[in-house]
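Please keep the sequence and the model in view while going through the points below.

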Amino acid sequence: MTPPPEPPTPTLRVGFCGGPNAPALGRMTGNLTAAGEQLRQQLSAYPEAGPVVELIATRVHATPGPDGLYRSRESDSTVESYLAEARRLGGPLLLNIQPGHADFPTEVRAYEHWLTEPDVGIALDPEWAVDPGVVPGKKYGHVEGAVLDQVSSYLAGLVQQHGLPPKMLVYHQVAASVVRNEADLRPRDGVVPIKVVDGIGAPESKLATWNLVMKGKPDHVQAGFKLFYDEDTRNGSRLMTPAEVMTLQPKPVYVVYE
């Protein structure tokens with residue numbers, strides 16, 4: 001596939017995440033064109049924002065699978081279909097990694113063919129990076145800043161080697177314990193690191209998580225925020241409005257909906 005001409009980089013991106021045949025993972029599932037049009041509608045609430053498609057490319061499971069790693073990888077044909085939709089919308093594709101008992105650098109390198117494309121980046125989901133002996137979903141996993149830095153170094157090398165535009169490196173954080181020794185993630189040319197706070201619940205609860213988790217953000221890392229159409233609105237709660245999201249400090253550069 002030939003990517004479209006590179007548009008001006010927006011100061012804000014708004015994304016949908018998901019995976020094939022997995023509506024519980026987000027709205028970007030099933031008919032991708034229809035899902036993309038829903039994303040366009042959500043984008044309209046954020047003036048001058050650009051789109052992002054976030055595919056859960058390595059998906060965690062509650063059972064070990066043949067290799068005992070509690071995860072599976074999406075096929076090249078799936079990645080291609082999500083990339084095609086991202087390009088139709090005019091934004092990048094992020095490959096989301098839920099590693100289970102695998103490790104982030106190995107999982108990221110498994111998609112090197114796609115990461116040499118100019119409009120494909122990475123999103124890491126460390127709550128699903130669990131310790132040996134832990135079944136994913138039973139307790140939060142975690143990642144060290146040094147591991148984030150390994151991934152950043154790898155992406156920076158691809159950007160330099162292939163003459164690519166800067167790549168997004170998102171890492172999701174649902175709780176303070178999920179990212180440790182964050183200062184070990186160093187700034188690198190060609191990589192745009194973004195810390196996305198994934199707190200779930202009513203606006204007051206999400207704001208409390210934001211304020212707690214953002215305390216550890218290195219200065220060179222951008223801010224991001226995640227909203228959940230279903231989980232955030234349970235028990236009579238309401239979804240935060242785009243206007244409320246954009247009053248957060250530091251101001252998010254990436255807002256993702258699930």
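1. Two strands are said to pair if DSSP finds at least two bridges between them. The model under review is predicted. In it, V53 of strand β2 (residues 50–60) stands opposite L93 in β4. Strand β4 (residues 93–97) runs parallel to β2, and five bridges join the two.

2. Strand β2 also pairs with strand β1 (residues 13–18), in the parallel sense and over six bridges. Here V14 stands opposite P51 in β2. Together with helix α1 (residues 32–43), β1 and β2 form a β-α-β unit that is right-handed.

3. With strand β3 (residues 71–73), the pairing of β2 is antiparallel and extends over three bridges. In this pairing R59 faces S72 of β3.

4. Is β2 enclosed or open? Because 11 of the 11 residues of β2 are buried, the strand is largely enclosed by the rest of the structure.

5. Strand β2 also contributes four residues to the lining of the second largest pocket, the largest share of that lining. The volume of this pocket is about 300 Å³. Its lining comprises 20 residues, and Q98, E127, W128, F228 and E258 lie nearest the centre. By class, the lining holds 10 nonpolar, two polar and eight charged residues.

6. Beyond its neighbours within four places in sequence, V151 is in contact with F104, P105, V108, L124 and L169.

Technical notes. Residues are numbered from 1 along each chain as its sequence is written. This is a predicted model: local features need pLDDT of at least 70, side-chain atom pairs count only at pLDDT 80 or more; totals for chains, interfaces and linings use all residues. Side-chain values use heavy atoms; hydrogens and water are left out. On a 1 Å grid over the protein atoms alone, a cavity is a set of points where a 1.4 Å probe fits but cannot get out, and a pocket is an open set with protein on both sides within 12 Å along at least five of seven lines; lining residues have an atom within 4 Å of a point. Grid points are joined across faces, edges and corners, and a volume is the space filled by probe spheres set on the points. Ala, Val, Leu, Ile, Met, Phe, Trp, Tyr, Cys and Pro count as nonpolar, Asp, Glu, Lys and Arg as charged, and the others, Gly among them, as polar. Contact means heavy atoms within 4.5 Å. Buried means under 20% relative accessible area, exposed over 50%, partly exposed in between (1.4 Å probe, protein chains only). A crossover is right-handed if, with the strands pointing away from the viewer, the path from the first strand over the helix to the second runs clockwise.
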